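Thanks for coming, everyone. Please look at the sequence and the model on the screen.

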Amino acid sequence: MSKNPRLGIWLMIAAVATFAAQDGFSRYLAGTYNTPMIIMVRYWVFAGFVMTLALRRPEGFRTAIASRRLGAHVARAVLLVGEICVIVYGYTQIGLIESHAVFAICPLLIAALSGPLLGERMVWQRWAAIGAGMVGVVVILRPGMGVFTPAALLPLAAAFMFAFYSVLSRLTTREEPTFPSFFWPGVIGAALMTVIGLPNWQPIAPSDWPFLMI
């Protein structure tokens, strides 16, 4: 496959814009509907998408999804489901902007975990940057200033879960193709969220369905 940096840049921009829009829609929907139901419908769309891709893989469905690390994929799916549920619920408690200000620590956590868990070399400059980032999060949370609430820990917990999810994703793709690591969290997550979300079903206004499907 030939490299196309320009295409890659535009795809990254499109992905970031999509995630930003999805977060905004999640905040809007969470003001009316319960979080498990919102995530459940989103996962149905996700699972349908990865199933369609798997069925169209040239090597065949079974070969495309084959993995010797199903246990790791189950753990990744649980972490991703937990992260999404916690961060969306956090939007309703402390707001979208505040949640993302705290969640911004996630790349620092991934860097910190990459050393002990992935065996990657960590120089002192990286540890210094991670420490500075941690201090920044403490400043944002402002414990002891009378404005801190336990809800401020929600995006922090989500950041930790997504960091572990990301590190596990790197581990599962070291010896296997990337597609199984994309397929299994979608399917397992959809099954898990269906069990959690269906008992919490609420009637959905027709005008809200497009926001749920994104």
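Helix α9 covers residues 178-197, which is 20 residues. At 1.5 Å a residue it should span 28 Å, and its end C-alpha atoms are 28 Å apart, so the two agree. The expected span is 1.5 Å times one less than the number of residues. Helices here are DSSP runs of H or I, at least four residues, and strands are runs of E, at least two, numbered from the N terminus.

A word on the source. This is a predicted model, where local features need pLDDT of at least 70 and side-chain atom pairs count only at pLDDT 80 or more, while totals for chains, interfaces and linings use all residues. Residues are numbered from 1 along each chain as its sequence is written, and side-chain values use heavy atoms, leaving out hydrogens and water.

Now the whole chain. It has 10 helices and 0 strands. Of its 214 residues, 37% are buried. Buried means under 20% relative accessible area, exposed means over 50%, and partly exposed lies in between (1.4 Å probe, protein chains only).

Back to α9. Which of its residues are buried? Among them are F179, F183, W184 and M193. The buried residues of α9 pack against α2 (35-55), α3 (61-65), α4 (70-94) and α8 (153-172). Contact means heavy atoms within 4.5 Å.

Next, the cores. A nonpolar core is a set of buried Ala, Val, Leu, Ile, Met, Phe, Trp, Tyr and Cys residues joined through side-chain atoms within 4.5 Å. The largest has 34 residues, and Y43 and M193 touch the most other members. Helices α2, α4 and α9 are among those that each supply at least two residues. Apart from that core lies another, of 7 residues, including A54 and F183.

Finally, the rings. There are 13 aromatic pairs. Rings of Phe, Tyr and Trp (its six-membered ring) pair if their centres lie within 6.5 Å; planes under 30 degrees apart are stacked, over 60 edge-to-face, the rest tilted. W44 and W201 are stacked, 6.4 Å centre to centre, with 25 degrees between the planes. W44 is in α2, W201 in the loop between α9 and α10 (209-213), 157 residues apart. F49 and F182 are edge-to-face, at 6.2 Å and 80 degrees. F49 lies in α2 and F182 in α9, so this pair ties together parts 133 residues apart in sequence.
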